[in-house]
Amino acid sequence: MSRFSLHDMALDPQRLLAALRQPDCGGYVTFEGTVRNHNHGRAVQRLEYEAFAPLAVREGERILAEACARFGLERAYCAHRVGSLEIGAIAVWVGVAAVHRGEAFDACRYIIDHVKHSVPIWKKEHYQDGDSGWVNCEHCAAAAEVPRAAHPHRHE
Amino acid sequence: MSAAELYGLVLAGGRSTRMQRDKAGLPYGGKPQLARAMELVAPLVSRAFVSVRPDQLHDPQRTAYGLIADLQPDLGPLAGIQAAQRAHPQVAWLVLACDLPFLRAATLQHLIEQRATGRLATAYRSQFDGQPEPLCAIYEPASRDSLQRWIDQGQRCPRAWLASAEVALLDLPESRALDNINTADEYAAANAELAAAQPQRRLQVRYFALLREQAGRGSEALQTVASTPQELYAQLQRERGLKLAPQYLRVAVNDEFGEWQQPLHDGDTVAFLPPVAGG
């Protein structure tokens, strides 16, 4: 099984955790990112996730391998949803196993930050008022010609 | 006597009156023809310069190159040759008009190989009238005094000078190599012909998220002359109405992150990735 996986069905944290827990480790940290009912002051009804699957899995694997090497982890997994998600659904799950807790906390944070930053996955917010928008994209119109320095979010 | 060193001079100081826009900037296959001419000539000579009018010295199209400004107004192409010969009197000049879209390196190489250093110049014969072609020719250092006397006599035509001086004339190895382009109609015809002759690539393009919605499709197969992701994205912005500026995107080629400038090959799959938002 690939350590980074994409899923079009609900994620099951118990099953994901079972793969992580082995007698060789004393520290497990998991992170669940769930769908929130508001963003930037707007009421959100649901989210829609889309991935460039082959590159997303490859880039996710790269991040997990880097985290394992950097923090000396025994195991690390990340599962990400695609498709339409209701409020409260788990969008992303990260789990790491280490001999001690310190590395586990740091590695879990490292993985989720890097996944959000560079894995080719996009989300569209559908608002209560019927409007919708792609997160991080709506301000990038060619006509706007926003200088990079003034741009509100990070890119590679 | 050993041959004088050869410098290149691309003439870009014309007024482009018939074209009604600056000929140096006219693109063929996406590249301005001044850039095309400089890329052709630069590898064949020790140094290459662009000949300009004094009022063009700060023109952004031209400032990327070494410039030689005319010294005397209203002399036509002779002004450029005169200024170059004054600036570097000891070298021979390969002089080239910038509006020769069909010119290829082979024609210039042939001219250089057949160069007659003991004559005042080496030029091709026009395929139309047998007269010398002055704007794809080599002018030896010894031609300087003769050309200056010609100018001092009130003459303006470099072709007439070549016809009257002791020069070597060659037959063109490629019949259309020196066809020049003066009107908008000629330009459109030449560009269409060059585009048809350019290699085409069959590419698969994938669209995601906002770009997928703007393109109205998730993927498509297309045949294109675009040779890099940058050229391809510019084409798709025009043809598919993509509205994200390229500086916000990343490129993927064959399911790997790629570079905007990397060469594309037949059969490649290219994706343009909007800012990501996982998690």
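**Strand pairing in chains A and B**

Q: Which residue in strand 5 of chain A stands opposite Leu6(A)?
A: Leu6(A) stands opposite His80(A) in strand 5 of chain A. Strands here are DSSP runs (E, at least two residues; helices are H or I, at least four), numbered from the N terminus. This is a predicted model, in which local features need pLDDT of at least 70, side-chain atom pairs count only at pLDDT 80 or more, and totals for chains, interfaces and linings use all residues. Residues are numbered from 1 along each chain as its sequence is written, while chains are lettered from A and ligands numbered from 1 in the order in which they are written.

Q: In which sense do strand 1 and strand 5 of chain A pair?
A: Strand 1 (residues 4-7) and strand 5 of chain A pair in the parallel sense over 4 bridges; pairing requires that DSSP finds at least two bridges.

Q: And how many bridges join strand 5 to strand 7 of chain A?
A: Strand 5 and strand 7 (residues 90-98) of chain A run antiparallel and are joined by 6 bridges. Cys78(A) has Val94(A) in strand 7 as its bridge partner.

Q: Why is strand 5 of chain A largely enclosed?
A: Because 6 of its 7 residues (75-81) are buried, strand 5 of chain A is largely enclosed by the rest of the structure. A residue is buried if 20 or more other C-beta atoms, placed from the backbone, lie within 10 Å of its own.

Q: Turning to chain B, what is the strand order of the open sheet?
A: The order of the 5 strands is 11-10-14-12-13, with mixed pairing. Strand 11 (219-224) and strand 13 (256-258) of chain B stand at the edges with a single partner strand each, so one side of each is left without a neighbour in the sheet.

Q: Which residue in strand 13 of chain B stands opposite Val251(B)?
A: Gly258(B) stands opposite Val251(B). Strand 12 (residues 250-253) and strand 13 of chain B run antiparallel, joined by 3 bridges.

Definitions and conventions. A residue is buried if 20 or more other C-beta atoms lie within 10 Å of its own, exposed if 12 or fewer, and partly exposed in between; C-beta atoms are placed from the backbone.
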